[in-house]
Amino acid sequence: MGLYLGIDVSTQGVKCIVIDIHSGKITAESSVNYGKDLPQYDSPAGFLPVPDALVRHADPMMWVDGLELALERLQSTGVDMGAIKGIAGTGQQHGSVYLAGAFPAYSGNAPLSTQLRSILSRPTSPIWMDRSTHAVCRELDEKFGSQLIERTGSPAVERFTGPQIRKFFLTEPEAYKRTCRIHLVSSFMASVLCGKDAPIDYGDGAGMDLLDLHSLSWDKEITEFTAPGLLEKLPPAVSGKHIAGELADYFARFGMKPGIPVAVWTGDNPGSLVGTGCFAPGVAGLSFGTSDTLFAPMKKFHTDPEHCGHVFGNPAGGFMSLICFSNGSLAREKIKEQYQVSWEYFDGAAMTETTPGNNGKLMLPYFEAESTPAVLKPGVVRNYKTASAAEEIRAILESQMLSMRLHSLWLGEEIHTLRLTGGGSQSAAIRQIAADVFGADVETIQVTNSAGLGSAMRAANAVAGVPLEELAKTFCAGTPAASPRREYAACYSELLDRYRELEKTVLR
Ligand code: XUL
C-alpha cells in the first residue's frame, strides 16, 4: 500500500481524503462541518456572527478541533492509519493566525485546542470574507500604485493578508508587538501537525500582497510598509515540494505513525488546481464552494488590467491565475431558501420551465460583499421587476457564469475545457450553463473535494517523488459532463455584453 493523506481546512468544515498510489483508489474520506459538528463555536457559516457585515472572523481553535474530529472519523472508517506515508493539506486562503509564542510540547491528555489557545496573540482570525480593510488598501495603493500588482500579482485587496496585518498593527499595536509569528490558515494547520512553525508555499503566500513573485521571496519594502518588523514574523516562503516537518507524537492517538513527513500546505485554490488535474493550457478549473473560483495554469506572469484577477504560485511549478467570486454557494442557497425549493428543482423544473438566456433576465448576486468586481456594500441588483421562482433560479445561475466568463477574458487564452469541482459541480443545470456560456466542454472528476485530493497527490509528490501529471492521470481523469450547444452561442454572447453593461452601471 502507498497511502497518502490530504486534508482541506475550508471555510465551512474540514475534509480528509486518503489515496493509495499503488491501487489507484481513493481509500477513505471523512468530513466535519463546523456549524453542525462544533456548535460551541457559534459559527454556522464558518465565521463568528457580528453586526458589521464587513467584519468576518473565526476562532482558529475551531479549525484545530475540526482537524481532530475529522481524523477521528477517518480512523473510524477502518482505513489503516498506520500505513499513511505522508500528509499535505490546504486551507481557506488569506485568513491569518497570530501567535505570541512557540508551539508547546504537546501533552497527550488534553485536546490541542486547549493546549494551543494560550499561544494566540489575537484570539480570532480574520478570514477571506473580511472586507474591513478598505482604508488600508487605499494607503497601499497610494504608496505603491501599480508596483503592487506588478511585484505580487495582485492589487491591494481587502481580504488579502497584508492589508489585514496592517489593520491589526494600526488598531492593536500592543498585540501586534507581542506577536512573534503570523501564519496563514494553511501554514498554521501544517504547524499544528508538526508541533512547530511550518513555512508558507508560493501558492498561498501570493494571496498576501507581500510576496514578490519574480524573486519568490517576501518583498522587503512592501512588508516593512505593511507593518514594521513584519519580515521577522513571517515564516519562510518555499516551493510546494518542500517538507514542512514531521508528524508530532500526539497524532499517534489516531493510529498514525509519528515522524511521517508533512509536506508544506497550500491554499484551497492552488490545491484544487492540482486536484482537478488542470495542467494543460486551455484547461481551467471551476470550483463551486462558499466562494466560486476559476483557476488555470499560466504560461507566463501577466496581470489583470481590471485588477480583479490574481496571479499565484502554481504548486505544480510556474504560475496560475485565480479569480474569486465571493457570492458562490451562499448566494444560491439564499435563492433556494427564498423560494423554499429543493436542489432537484434547480436542476429540473427551473430549467424546463425557462429557456437559455431567460429573456434577458440578469442578477448581480451581491448578497455578501463581492470580490469580483470589488463591491463592498452588499445588495442584489436585478434588471427585471418580477420573475417566477424558476426564472430567478436561471437568472442567478446564468449571471454567476457570465460573471466568471467576463472576468476571465484577461487570461487571453481560449478555454476549451472546464473541470468542475465542489458541491455545485453535481448540478446538471450548472454544468450545462457552464458549457454554453464558455463554449467549452465540461468535465467532472470523481471527487468533489479536489482541494483534499490535490493535497494527497502533493503529499505523494513531495514524499515519494511521484510526478503530479502521473497522479492526475490516475486520480483526476475527467468524465464528460456537458458540451456547448451551438444554437445558444449567439444568445449568450449578447447576454455577456448586457451583463457587462449592468455591472458597469453598479460600479459607477
Ligand atoms: C480566493 C478566496 C477564496 C478562499 C476560500 O482568493 O478568497 O476562494 O480561498 O475558499
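Tutor: Helix axes here are lines fitted to C-alpha atoms over the stretch in contact, with angles from 0 to 180 degrees between N-to-C directions. The model is predicted, with local features needing pLDDT of at least 70 and side-chain atom pairs pLDDT 80 or more, while totals for chains, interfaces and linings use all residues. Residues are numbered from 1 along each chain as its sequence is written, and side-chain values use heavy atoms, leaving out hydrogens and water.

Student: What makes α16 roughly perpendicular to α20?

Tutor: Helix α16 (residues 389-406) and helix α20 (residues 489-507) pack at about 85°, with axes 10 Å apart. Roughly perpendicular covers 65 to 115 degrees (under 35 is roughly parallel, over 145 roughly antiparallel, the rest oblique), so α16 is roughly perpendicular to α20.

Student: Which residues of α16 and α20 make the contact?

Tutor: With contact meaning heavy atoms within 4.5 Å, α16 brings R394, E398, S399, L402, S403, R405 and L406, while α20 brings Y492, L495, L496, Y499, R500 and E503. By class, the contact of α16 with α20 has 6 nonpolar, 2 polar and 5 charged residues.

Student: Why is α12 called roughly perpendicular to α18?

Tutor: Their packing angle is about 75°, and the axes of α12 (residues 268-275) and α18 (residues 450-464) are 7 Å apart. That angle makes α12 roughly perpendicular to α18. On α12, D268, G271, S272, V274 and G275 take part, and on α18 the partners are S450, A451, L453, G454, M457 and R458. The contact of α12 with α18 has 4 nonpolar, 5 polar and 2 charged residues; Gly counts as polar in this scheme.

Student: Which residues are around the ligand?

Tutor: Taking a heavy atom within 4 Å as the cut-off, they are Q93, H94, W128, R159, D268, N269, S291, T293, L322 and C324.

Student: What is the omega of the peptide bond from T372 to P373?

Tutor: Omega is near -5°, and the bond is cis. P373 is found in the loop between β20 (363-364) and β21 (381-382).

Technical notes
Helices (H or I, at least four residues) and strands (E, at least two) are DSSP runs, numbered from the N terminus.
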